[in-house]
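Have a look at the structure first, and then read on.

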Amino acid sequence: MKPAEYQSYMTDESGPLPFCPGCGHFLLTKALDRALVKLQLDPKKVVIVTDIGCIGLSDRYFITNAFHGLHGRSITYGCGLKLARPDLTVIVLQGDGGCGIGGTHLLNVSRRNIGITLIIGNNFNYGMTGGQHSVTTPTSGITSTTPWGNVEGPMDLCGTAAAAGAAWVYRATAFDKDLPDVIAEAIEQPGFAMLDIVELCTAYYSPRNQLTKLNLFDLLKSYGFKLGLVVDKPRPEYSEHYRKAFEQGKRVIKERHTIEKQYDHSVKKQTGIVIAGSAGQKIKSSATLFAEAAMLSGLDATQKDDYPITVMTGHSIAEIILSPEQIDYTAIDSPDYVVVISKDGLKRARTRIENLSESCTLLAEETLELPETKARIIKIPLMENARKEYKLTIAIMALAILLKHSNLYPLEALKTTISNFQKSSVVKVNLDAVTKGANLIDNKKKGGVNE
């Protein structure tokens with residue numbers, strides 16, 4: 001027989017285990033080590049995930065990978081690791097306190113059957129923080145937060161996971177002689193496996209309640225919590241099942257386009273542009289085209305959108321920043337240009353318009369009643385001209401007007417962006433809108449701009 005490559009998965013570098021004398025976590029941790037030795041897994045392909053709590057101190061003592069996070073969230077971290085790297089063996093160590101804090105995560109991992117192994121060190125209280133009661137504290141149990149006895153009933157963790165659809169559930173105690181073999185069996189399950197290991201907290205719960213190894217079994221029996229295998233109903237593991245479904249139903253994924261400089265620009269400093277309109281006027285997508293055209297001209301660009309949770313009603317605001325340098329601050333405190341297309345946009349941006357500086361140019365639909373502002377105002381019949389062409393081009397038309405007036409970068413860059421990045425069915429109408437907008441501002445300049 002070939003000798004085992006790994007005689008232990010624990011490291012001597014971290015020193016002795018940090019548990020109180022007699023703590024059940026010591027037995028659990030040693031049993032996990034023996035289970036890993038039995039399985040002879042590549043430690044580089046194993047991740048032990050923990051969160052806050054005494055059991056959360058365990059991960060540093062193993063030669064495997066480790067992930068330590070927020071209290072109650074270790075299941076989510078483990079699921080994320082497994083979904084991203086299905087080749088990993090993911091083992092989550094969590095206390096009964098963490099199960100209570102992250103109860104919804106227990107329900108969902110059971111329901112989804114994501115292939116992680118959850119090992120619960122269940123000692124009936126929050127041991128790390130002073131022995132407060134948890135979701136598994138027995139009725140009448142004395143803790144620092146239930147000094148007169150717990151009035152709640154304990155949660156059946158195994159029953160909860162089983163009811164949520166867990167494929168493999170087992171209840172054990174830290175004293176079980178076959179615990180390493182049971183842990184190994186849990187790790188080998190293809191889907192989600194939960195192992196509830198009942199143990200003693202020798203610092204708080206056990207001395208406060210005279211709980212010993214002998215009467216621990218009587219306590220479990222009094223609640224009908226049977227030891228051993230609770231559920232063994234194999235079903236497709238989530239990530240594998242998901243990938244198969246994706247392969248069967250996937251479409252050709254459109255490759256993301258690249259943007260390389262083709263034009264020059266005249267922008268000297270970071271420039272903020274706000275376009276305010278209504279939902280359904282293609283504000284966001286038009287702003288994206290405008291920003292991409294700026295990138296095509298060698299500028300850095302950012303976009304931030306503001307809109308309500310409703311669809312096709314209310315305002316739609318896009319904030320665009322253009323800069324010849326890297327953009328580190330993405331808020332627009334004082335816009336250089338503001339475009340207002342509709343009543344919804346005006347209502348949302350009214351306070352901002354009232355506070356615009358004299359250096360700002362305000363381009364607005366001519367029928368809107370604007371508030372008092374120091375900004376330079378240019379009124380254009382946007383709605384009238386958009387109706388003549390195609391009403392959904394009003395934002396592109398307005399941005400073409402802004403671009404022709406400001407000369408931030410060439411109008412041709414916007415046309416190229418539309419031609420290259422939009423669906424063929426809308427390219428022509430949007431190119432026509434750009435030309436229409438450019439002509440409108442040219443005619444406005446010939447006739448004199450309204451200030």
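Buried means under 20% relative accessible area, exposed means over 50%, and partly exposed lies in between. Tyr 223 has a relative accessible area of 31%, so Tyr 223 is partly exposed. Please keep in mind that this is a predicted model.

Let us begin with strand E1, which spans residues 46–50. How many of its residues are buried? The count is 5 of 5, so strand E1 is mostly covered, with the buried label resting on a relative accessible area under 20%. In a regular strand, side chains alternate between the two faces of the sheet. In E1, Val 46, Ile 48 and Thr 50 lie on one side, Val 47 and Val 49 lie on the other, and both faces are covered.

Strand E3 (residues 89–95) runs parallel to E1, and 5 bridges join the two. Within that pairing, Ile 48 has Ile 91 of E3 as its bridge partner. E2 also runs parallel to E1, here with 4 bridges, and Val 49 stands opposite Phe 67 in E2.

**Aromatic pairs**

Phe 67 leads us to the aromatic rings. A search of the whole structure turns up 7 aromatic pairs. One of them joins Phe 67 and Tyr 77: the ring centres are 4.9 Å apart and the planes are at 40 degrees, so this pair is tilted. The pair links distant parts of the chain, with Phe 67 in strand E2 (residues 65–68) and Tyr 77 in helix H2 (residues 74–84), 10 residues apart. Phe 67 counts as partly exposed, at 34% relative accessibility.

Another pair is made by Tyr 223 and Phe 225. Is it stacked or edge-to-face? Their ring centres are 5.7 Å apart and their planes are at 25 degrees, so the pair is stacked. Phe 225 has 15% relative accessibility and counts as buried, whereas Tyr 223, at 31%, is partly exposed.

The two pairs are set out here.

| Pair | Distance between ring centres | Angle between planes | Class |
|---|---|---|---|
| Phe 67 and Tyr 77 | 4.9 Å | 40 degrees | tilted |
| Tyr 223 and Phe 225 | 5.7 Å | 25 degrees | stacked |

**Cysteines**

How many disulfides are there? The count comes to 0 disulfides. Cys 54 is in no disulfide, and the nearest cysteine sulfur, that of Cys 23, is 6.3 Å away. Cys 54 is partly exposed, with a relative accessible area of 25%. Cys 158 is in no disulfide either, with the nearest cysteine sulfur, that of Cys 99, 9.9 Å away.

Cys 158 sits in helix H5 (residues 157–163) and counts as buried at 1% relative accessibility. What does Cys 158 touch, leaving out residues up to four places away in sequence? Its contacts are Val 169, Tyr 170, Arg 171, Met 194, Asp 196 and Val 230.

**Strand E13 and its crossover**

Strand E10 (residues 271–278) runs parallel to E13 and is joined to it by 4 bridges; here Ile 273 has Tyr 337 as its bridge partner. Strand E14 (residues 361–365) also runs parallel to E13, again with 4 bridges, and Val 339 has Leu 363 of E14 as its bridge partner. From E13 the chain crosses through helix H11 (residues 343–354) to E14 in a right-handed β-α-β crossover.

**Nonpolar cores**

The largest nonpolar core has 46 residues, and those with the most contacts inside it are Ile 275, Phe 290, Leu 322, Ile 341, Leu 408 and Tyr 409. Helix H13 (residues 394–406) gives the largest share of this core, 10 residues. Leaving aside neighbours within four places in sequence, Ile 341 has contacts including Ile 275, Ile 283, Leu 368, Leu 382, Ile 394 and Ala 398. A second, separate core has 34 residues, among them Met 10, Ala 35, Leu 93 and Ala 174.

Finally, Ala 31 in helix H1 (residues 24–39) is buried, with a relative accessible area of 1%. Beyond residues up to four places away in sequence, Ala 31 touches Leu 179, Pro 180 and Ile 183. The C-alpha atoms of Ala 31 and Lys 423 are separated by 60 Å, and the two residues are 392 residues apart along the chain.

Notes: Residues are numbered from 1 along each chain as its sequence is written. This is a predicted model: local features need pLDDT of at least 70, side-chain atom pairs count only at pLDDT 80 or more; totals for chains, interfaces and linings use all residues. Side-chain values use heavy atoms; hydrogens and water are left out. Two strands pair if DSSP finds at least two bridges between them. A crossover is right-handed if, with the strands pointing away from the viewer, the path from the first strand over the helix to the second runs clockwise. Rings of Phe, Tyr and Trp (its six-membered ring) pair if their centres lie within 6.5 Å; planes under 30 degrees apart count as stacked, over 60 as edge-to-face and the rest as tilted. Buried means under 20% relative accessible area, exposed over 50%, partly exposed in between (1.4 Å probe, protein chains only). Contact means heavy atoms within 4.5 Å. A disulfide is a pair of cysteine sulfur atoms within 2.5 Å. A nonpolar core is a set of buried Ala, Val, Leu, Ile, Met, Phe, Trp, Tyr and Cys residues joined through side-chain atoms within 4.5 Å.
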